[in-house]
Amino acid sequence: MTKPTRLFLFVSGGILAAGLGTGLVAAYVGGFQNLSLLAASGPEELSYLPSDAKVVAYANVRELMDSELHQKLQALTPRNGNGLARFQEETGVDVSKDVDYVLAAIGGDVSAATPEQGRPLVIARGRFDNVRIEGLVRSKGGTVEDFKGVRLLKASEPGGGMEMALAFVEPGLIAMGNDAAVRQAIDGHRGSAANLTGNADLTRLVKDASDGNLWVVARFDALSAAGNLPAGVAERLPALNWVTLTGHINGGIRAAVKAEARDDAAAKNLRDVVQGMLALAKLQTGQRTDIAAIMDSIELGGDGKTVSLALSIPIEVVDHLASLRTPGRLTPPPDAPEPPQAPEPPAVP
Amino acid sequence: MSARPNLPAPPTFWNGAVRVFSLSLGEMLWSRRTVFLMLVTGMPVFVALVLRLVQSSGITPVRVNSTPVDGASIFGGMIWIFFLRFIVPVLGVFYGTSLMADEVEDRTITYLFTRPIRRGAVLVGKYLAFLVCTTLVVLPSVVLVYFLLVPLSQVARTFVAFAADLGLLALGLAAYGGLFAFVGAALKRPLVSGLVFVFGWEQVALLVPGYLKRFTVAHYVQGLVPHAMPSDGVAAVLQAVLRNNPPAWLCIAALAGIVAVSLWLGVKAVESREYVLDQ
């Protein structure tokens, strides 16, 4: 090996080693903030969610609020901001600025008649005024207790309904929902109860879905129970285990729905059904150029036990659809001119 | 009759490979191809330097929907656009296919094959030289881009992703290099086949729903990327939507399998093929 070769190896290796060393020291000092990325399995707050969750949903509120689509929709249909303004006044939380992302889960028996049995839980990351929120809960007759070193605010629904709880689990992180669910979230994160990261199926699905800024992973039976599908319809649907919806909203909308069937045959059956429905829909919408653009973007895919349906709506199509809702288009068209009078029949001699 | 002098025993396969490696590394590093490699890997460093200079002058260099994009996200985008989609596959094709083809073209393969080392060791030694040469050019370039774009305050948050990037780029170079080393040893016009594979087959297969993407190297390399895929075109949007990431262990196993099988096939091809030099 010649001297220039050795020098090159030394310099290159030195840059690499210096970079890795600096990064390693900085990461060690910073406490390896994203070590969970090694598993790359979604937001780190997953450890607060129950291992038996039937529905898990995520929304990156910050990205959604900043998205071009949201700005356009807001300009098009300005919302009545009274509700949000009142909420901000009472809690000090401006939803459009102070909430970064929200993670929600429903554990337990979601088909149960009452929400207590469904155990809903919402985890929100952002900037919250703890004192103001606590004051609000107290003013509404709520109580405050200490649960394993975490401040737990509790309030009951009027009429003795579900007992709600809110906990400041970490700086900038709150957990709220059913009392039992919030307590389980604290236990789960501390390792004294099972949490979602121990559920291999769900972790895998969440990892697959977490590309988008909006996603939902749900057991199909939970969805059909919550949607109260008629028995006849539910029986005819292919046997599905999980359904995943991933959306990426920015300029336009990209969305993908994935269903995981119980076996290959059920998946093939569903693909055939969806393919037929898509063909029918394309025939029906062939004359409508605005809808045809969306229909053309739909891609059916999947293999083995999975069926996937991807859809892309560019911002131009959103603009076009929005233009159809402009006031000018909603006004009724001008009256048609009166038809000319028919000529008198010739007089019979 | 005098006794025949004892000849030294021929080197083992691995000793032979190491000798070819040390011989080839210097040649490879100072070849014209490496000048091209340095230009290609210098491009993202130059872009990162420009972005850094713009940023230090108080201007936000990249905005999406009027929202400033932070350095870590720009770095993630550059890993996708420069390194994964271009540099790694292109270096794999250009270097991998030329490992044996250059010796044939220069008519120097005879000198290597008349040495008392196995033919397969020549390929393995050259492959190791390729790996050291390319990783020691590509990875320092990634390090420079990272530290130019990502402020030190964000290093703690992004270091694991950065380390994963270095690992997956090294794995990608190893997999593409191994595959095209075999192609170069087995086919007569390996460069054309390699370019068709990288810019034809892989691009199409990644866009088609179904299992075809499993027969690409990019599917497994991209499955390890810790950054979101940039939506910089219709094909990228479709790829992102139709992406079905295999688990990390499967990606690593698949890439290691591609390296092992390709090298084994390459060794078999070199040992069985008769190289006819043009007169």
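Tutor: We begin with Met176(A), whose place is in strand 7 (residues 173-178) of chain A, where strands (E, at least two residues) and helices (H or I, at least four) are DSSP runs numbered from the N terminus. This is a predicted model, in which local features need pLDDT of at least 70, side-chain atom pairs count only at pLDDT 80 or more, and totals for chains, interfaces and linings use all residues. Residues are numbered from 1 along each chain as its sequence is written, chains are lettered from A and ligands numbered from 1 in the order in which they are written, and side-chain values use heavy atoms, with hydrogens and water left out.

Student: Why is Met176(A) called partly exposed?
Tutor: Buried means under 20% relative accessible area and exposed means over 50%, with partly exposed in between (1.4 Å probe, protein chains only). Met176(A) has 29% relative accessibility, so it counts as partly exposed.

Student: What does Met176(A) touch?
Tutor: If we set aside residues up to four places away in sequence, Met176(A) touches Pro120(A), Leu121(A), Val122(A), Ala165(A), Leu166(A) and Val182(A), where contact means heavy atoms within 4.5 Å. Ala165(A) is 11 residues from Met176(A) along the chain, and their C-alpha atoms are separated by 5.6 Å.

Student: What makes strand 1 and strand 2 of chain A a pair?
Tutor: Two strands pair if DSSP finds at least two bridges between them. Strand 1 (residues 55-59) and strand 2 (residues 99-106) of chain A have five bridges, in the antiparallel sense, and Ala59(A) stands opposite Val102(A) in strand 2.

Student: In what order do the strands of the open sheet in chain A lie, and which are the edge strands?
Tutor: The order of its 12 strands is 4-5-6-7-3-2-1-8-9-10-12-11, with antiparallel pairing. Strand 4 (143-147) and strand 11 (299-301) of chain A are the edge strands, since each pairs on one side only.

Student: How do you know that Cys133(B) and Cys251(B) are buried?
Tutor: Cys133(B) has 1% relative accessibility, and therefore counts as buried; Cys251(B), with a relative accessible area of 0%, is buried as well.

Student: How many disulfides does the structure hold?
Tutor: A disulfide is here a pair of cysteine sulfur atoms within 2.5 Å, and the structure holds zero of them over all chains.

Student: Why does the span of helix 10 of chain B agree with what we expect?
Tutor: The expected span of a helix is 1.5 Å times one less than its number of residues. Helix 10 (residues 248-272) of chain B has 25 residues and should span 36 Å, and because its end C-alpha atoms are 36 Å apart, the two agree. Its buried residues include Cys251(B), Leu255(B) and Ile258(B), and what covers the buried residues of this helix includes helix 1 (13-29) and helix 5 (119-149) of chain B.

Student: What makes helix 5 of chain B mostly covered?
Tutor: Of the 31 residues of helix 5 of chain B, 25 are buried. This helix reaches 45 Å from its first C-alpha to its last, close to the 45 Å expected.

Student: What share of each chain counts as buried?
Tutor: In chain A, 40% of the 349 residues count as buried, while in chain B 51% of the 279 residues do.
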